[in-house]
Amino acid sequence: MDAFFASVEQRDFVELRGKPVAVGGSSERGVVAAASYEARKFGVRSAMSSRIAKQKCPNLIFVKPRFEVYKQVSREIREIFLEYTPLVEPLSLDEAYLDVTENLKGISTATEIAQEIKVRIKEKTTLTASAGVSVNKFLAKIASDYRKPDGLFVIKPSQAEAFVETLEISKFHGIGRVTAEKMHKMGIFTGKDLRTKSLEFLVNNFGKVGRYYFDIARGVDNRAVNPDSIRKSVGVENTFDRDLTEPDDLYLELDDIIKQLWRRMQRANAFGKSITLKIKFADFESITRSRTTQIAVFEKDFLAKIAYEMLNNLLPMPKGVRLMGVSFSNLEFADEMIGRQLTLSF
């Protein structure tokens, strides 16, 4: 979906149409969750601090997110997908992979299916979507970003290697800013540069993900579309109104985060084994601390105990704390645990 959250707001509120809109908090400490295309022309992007966003676009209009509305629209769109194929793997509220090798309507080409789905989404929601069509996840994802908004781009098998060859490393799905900067220092700026590196070199420098980089440099991605993919983590992050340094203030904020996280875990009917504490300092440096238990955590007090210990080990803080978050990963879900004998270890 194109600028999904912001587009929904512009659809529902006529006074926002054609104007630069940011979904998120407008306070000095706020963060942009989504930006309309009118705002993007000024350089406003998601995850940007609201302060910087307002500097780039003084006329920027901030609106509070309405996640229940976004979820409902997302469900409507997914219903359209499922009319064409049961092989739908959601990535987020506004994005999904579809495997249409065999489709429920017997349409002969994936491009025709993408065109039809785009029209159906526009008719049902009045919103626009961009589609990428290719032979694997990596190429389809790259193609979906290529002609936004309201785009449709196809990368045929015969075009894959040549297309990847000219692609900037920073445009590769799965290569973030930090990794791209590391590659730049190694003289890797395009897919062609990446393809000159051996598998051994990439694994030595990037670990297991080096195998993935080796393959995508050749347009290869063998991951299947998995309609049963499960949520990998649940977390809560809070950005503070002011930088915090006092332990008492940090513990109070941590207590609130734990309460929010536990409510989310209950809604997801999930339990986790791995707990991660994230700290972002005033200068935007981030650190994390993690701990994994032998069994899933079933009590909020036990979660709090572990989180407090991790925070305590970081005190005193060397500088002001801008943001703190706690997340659960290595999840287990209640319906999968029915009938399983649970063991406790101390």
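A salt bridge is a side-chain nitrogen of Lys or Arg within 4 Å of a carboxyl oxygen of Asp or Glu. Keep that in mind as you work through these exercises on a predicted model.

**Exercise 1. Salt bridges**

Task: Which residues are linked with Glu9 in a network of salt bridges, and where do lysine 137 and glutamate 89 lie?

Solution: 
- Step 1. Start with the total: the structure holds 24 salt bridges.
- Step 2. Look for the network. Glu9 is linked with Arg11, Asp12 and Arg66.
- Step 3. Now take a single pair. Lysine 137 forms a salt bridge with glutamate 89, and their closest N and O atoms are 2.7 Å apart.
- Step 4. Lysine 137 is in helix H6 and glutamate 89 in strand E4, so the pair links distant parts of the chain, 48 residues apart.

**Exercise 2. Two more bridges**

Task: How many residues apart in sequence are the parts tied together by glutamate 83 and arginine 120, and how many residues separate lysine 305 and glutamate 309?

Solution: 
- Step 1. Confirm the bridge between glutamate 83 and arginine 120: the closest N and O atoms are 2.7 Å apart.
- Step 2. Find the elements. Glutamate 83 lies in the loop between helix H4 (67-82) and E4, while arginine 120 lies in helix H5 (residues 110-125), so the pair ties together parts that are 37 residues apart in sequence.
- Step 3. Turn to lysine 305 and glutamate 309, whose closest N and O atoms are 2.9 Å apart in their salt bridge.
- Step 4. These two are four residues apart in helix H13, so about one helical turn separates them.

**Exercise 3. The rings around tyrosine 146**

Task: Is the pair of tyrosine 146 and phenylalanine 153 stacked, tilted or edge-to-face, and what about tyrosine 146 and phenylalanine 163?

Solution: 
- Step 1. Recall what to look at: a pair of aromatic rings is described by the distance of the centres and the angle of the planes.
- Step 2. The structure holds 14 aromatic pairs. In the pair of tyrosine 146 and phenylalanine 153, the centres are 4.4 Å apart and the planes at 35°.
- Step 3. Planes under 30 degrees apart count as stacked and over 60 as edge-to-face, so 35° makes this pair tilted.
- Step 4. For tyrosine 146 and phenylalanine 163, the centres are 5.2 Å apart and the planes at 65°, so this pair is edge-to-face.
- Step 5. Tyrosine 146 is partly exposed at 45%, whereas phenylalanine 153 is buried at 13% and phenylalanine 163 is buried at 13%.

Methods:
Residues are numbered from 1 along each chain as its sequence is written. This is a predicted model: local features need pLDDT of at least 70, side-chain atom pairs count only at pLDDT 80 or more; totals for chains, interfaces and linings use all residues. Side-chain values use heavy atoms; hydrogens and water are left out. Rings of Phe, Tyr and Trp (its six-membered ring) pair if their centres lie within 6.5 Å; planes under 30 degrees apart count as stacked, over 60 as edge-to-face and the rest as tilted. Buried means under 20% relative accessible area, exposed over 50%, partly exposed in between (1.4 Å probe, protein chains only).
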